[in-house]
Amino acid sequence: MHNQSAALQHDPWRLESLDDLNKLKEQLEQKIDPDHPEIVVCHGTGCLANGSEAVSDAIQTALSDSGIKAKVIPGIKTTGCQGFCSRGPLVLIRPQGIFYQRVKPKDAGDIIEKTVAQGEIIDRLLYKDPQSGEKIVHEEDIPFYKLQDRKVLHNIGKIDPTNIDDSIIAGGYQALAKALTTMTPEKVVKEVEISGLRGRGGAGFPAGRKWRSALQAIEKKGRPVYVVVNGDEGDPGAFMDRTIMEGDPHAVLEGLILGAYALGAEQGFLYVRAEYPLAIKHLTIAMEQARAYGLLGENILNSGFSFDVRINRGAGAFVCGESTALFTSIEGKPGNPKPKYVRSVEEGLWGRPTVLNNVETWANIPLIIDKGGEWYNKIGVSHSTGTKVFSLVGKVNNVGLVEVPMGLPLSDIVEKIGGGVPGGAPFKAVQTGGPSGGCIPHSLKDTAVDFDSLTKAGSMMGSGAMIVMDDTDCVVDLGRYFLRFLEEESCGKCMPCRFGLSRMREILDGFSEGRGTQADIDDLLSLSEAIQDGALCALGSSAPNPVLTTIRYFKEEYLAHVESQKCPAGVCKDLITFQIDPDNCTGCTSCARKCPTGCISGDKKEPHTINADECIRCGICRESCKFDAIRVI
Amino acid sequence: MIKFKINDKEVEARTGWTVLETAKEYGIDIPTLCHHPAVAPTGSCRLCMVELKEGDWSKLVASCIYPVKEGINIYTETPKVHNVRRWILEMLLASCPASEEIRKLAEKHGVVSTRFPIHDPDQNCLICGLCQRVCEEVVGLSAIAVVDRGVHKKVGAPFLRPTDICVACGSCVTICPTGAMQEIFDTVRGKPELPLTQLA
């Protein structure tokens with residue numbers, strides 16, 4: 001890993017005190033003119049996949065080619081994920097805050113020549129609010145951003161994650177310097193306790209209490225103690241932690257160093273799944289740069305406190321996000337969970353006291369230390385303080401990453417920030433908490449999104465994935481999807497999980513193939529209870545949740561599969577037939593041309609028909625029909 | 001000595017004992033498959049689940065690995081325990097249909113049929129891992145591994161490549177609760193570089 005300080009504009013020097021850090025910050029700030037134009041291109045994984053690298057290259061080229069007539073030459077900055085992934089690639093023009101979306105490389109010339117040089121707004125690149133139909137120029141006026149409360153994500157989308165100076169200007173490492181110079185380790189633990197911060201990884205265990213228990217374990221067993229970041233985010237549809245690691249790696253590092261200071265740890269581990277190469281790259285660069293400044297490593301800020309950290313890459317097993325499996329993986333053994341009859345704060349990595357928190361939890365720590373536990377405690381609701389980052393995916397207009405205070409009604413997140421379901425119909429259900437969570441129906445749309453309310457509704461906060469579903473999503477199919485995922489991802493050590501999940505999925509297969517019975521529903525409930533009670537780790541014991549909540553809230557849909565052999569959502573192929581409504585069909589032949597089996601026939605401008613025997617129920621005809629003439633029965 | 005209760009009966013255990021060890025001492029029957037006194041328990045078959053109760057609160061724990069604590073209340077025959085046991089046995093009947101031992105154990109606990117389809121009528125390995133543990137912990141060789149994960153998990157040589165480090169001591173075959181190791185054994189052993197007679 002050479003040349004990683006390349007992004008720094010000067011040779012890094014070792015900072016010896018809080019004063020040094022502040023002096024550096026001042027120096028850096030002086031070099032910056034807040035009114036200087038800047039073109040910010042989102043380089044989060046979502047936008048990169050949509051071609052944002054080509055966009056920033058094109059803007060760079062357009063800038064050099066234009067022989068710019070503007071008085072000042074704009075800077076170009078690439079940042080982490082700005083959150084509005086479904087609209088990417090995103091380009092923001094500062095200082096005006098002009099927000100361009102779905103930008104293509106061919107738009108680069110216009111952006112430079114019109115917007116930057118002449119201040120002209122390019123109408124075709126503006127965001128159009130699907131609800132009001134109005135075009136919006138500025139980022140802060142877009143409902144998706146306006147209704148959020150970005151605290152953990154504050155710097156993401158603003159700073160260049162590969163440049164520590166950018167982070168320092170934004171206030172990075174201030175909390176660390178404050179703690180090292182003015183706070184005892186005990187005081188740091190106390191602030192985290194006061195904040196009420198609960199772990200963002202799933203179960204929501206209070207972070208302060210975990211740290212306190214670790215201190216008690218250290219009293220008995222002595223040091224070493226380890227601090228570990230769980231960056232093995234693997235829930236389908238979840239990308240909160242990835243975004244934080246990619247977009248503001250210093251926040252995670254700073255939080256971890258603060259935790260290490262509080263507990264007296266000398267070694268930390270970042271366990272990041274190998275599928276997150278950009279996160280690993282940015283964290284590695286961040287570590288190198290922090291070491292160069294003396295913010296990580298020996299004798300941090302000349303305080304006598306030394307701490308270093310290394311990255312362990314996960315090798316692709318979902319179960320390694322489970323604490324004990326994560327530890328065995330770091331220890332170099334197969335990532336199998338162990339029974340947790342002794343807590344990991346007492347016996348974690350190599351049998352030593354260990355504090356494991358997830359990425360988002362660690363990224364909250366600098367905020368708490370900087371502004372105080374009391375300040376943090378006032379955000380959100382009691383027992384669920386602070387903000388929470390959610391990834392909003394599925395049948396929702398504004399797919400992306402949002403951060404809101406805890407306790408907001410589910411409908412606010414899905415309908416106001418998310419913009420509701422495309423087409424305007426109400427959502428059918430929202431799956432929260434990934435494969436371990438549950439399905440919350442539209443009738444509970446006012447459920448407050450906090451740890452306890454979600455648990456009461458039969459779901460869980462989980463790490464924060466929200467999958468929105470509409471009337472064309474089948475709950476039986478949802479259950480099968482998550483069970484198939486988990487039966488592959490189960491470590492297979494304990495039998496309730498290894499056998500049980502496959503057997504549950506087989507029973508659900510029966511429903512979707514028209515073989516389900518009322519007795520099967522009872523067996524599913526009873527087998528689910530056995531798996532919840534019997535499985536060795538949380539992967540297994542929470543696996544039945546999607547099935548249990550869908551039976552609880554959508555039993556009539558299961559019964560429709562049994563009694564009338566119908567799939568109301570039109571998903572389970574064995575239970576549906578496609579027909580053409582002759583009143584709506586105009587005979588445009590679009591469906592007949594696209595049908596992969598050629599089973600649609602009819603004369604031009606006359607209603608067509610589908611031969612049910614040859615139809616494979618792929619649904620391509622329904623998608624291609626512009627006249628709503630294809631019926632699923 | 002640590003005092004606690006199993007099924008409302010006072011029992012005493014030595015420090016470091018598990019609930020299962022104590023129960024055995026008192027002749028209380030708890031079914032097991034992956035447990036053997038020769039190797040460390042892993043709590044993987046979950047047949048030995050018992051209910052730990054404290055007032056209104058309760059949870060199931062694996063007795064083979066749960067350390068005894070002063071004053072705890074353990075129940076070995078409750079509806080929750082029976083539910084877990086019944087489903088595991090029913091699933092084992094379908095997944096290891098060739099095992100006479102499992103059929104007998106299930107029958108003893110009132111499970112005589114299974115609602116699940118049988119995919120492999122010849123299967124009798126339940127992947128309890130005893131063979132792998134005895135080879136690693138007692139013989140000290142690790143000639144056997146439990147490879148892959150989830151539904152693809154299986155017992156064989158490490159990386160499923162026949163190994164010549166196996167000394168054919170037979171410990172794995174002896175410890176196997178269903179006799180499955182007799183057949184798997186041949187897939188573990190590769191051709192030794194020297195005939196066994198010359199090794200001595």
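**Notebook: chain A overall, then a sheet in chain B**

I began with contacts in chain A, where two residues are in contact if their C-beta atoms, placed from the backbone, lie within 7 Å. Among those between residues at least 6 apart in sequence, 71% join residues at least 24 apart.

I note that this is a predicted model, in which local features need pLDDT of at least 70, side-chain atom pairs count only at pLDDT 80 or more, and totals for chains, interfaces and linings use all residues. Residues are numbered from 1 along each chain as its sequence is written, while chains are lettered from A and ligands numbered from 1 in the order in which they are written.

I then looked up the dimensions of chain A. Its C-alpha trace spans about 80 × 70 × 40 Å along the principal axes.

I counted 25 helices and 21 strands in chain A, taken as DSSP runs (helices H or I, at least four residues; strands E, at least two) numbered from the N terminus.

I turned to chain B, where strands pair if DSSP finds at least two bridges between them. Strands β3 (residues 49–54) and β4 (residues 57–62) of chain B are antiparallel, with six bridges. Two residues lie between these strands in the hairpin, and B:G55 has a positive phi near 65°. β3(B) also runs antiparallel to β5 (residues 73–75) of chain B, with three bridges.
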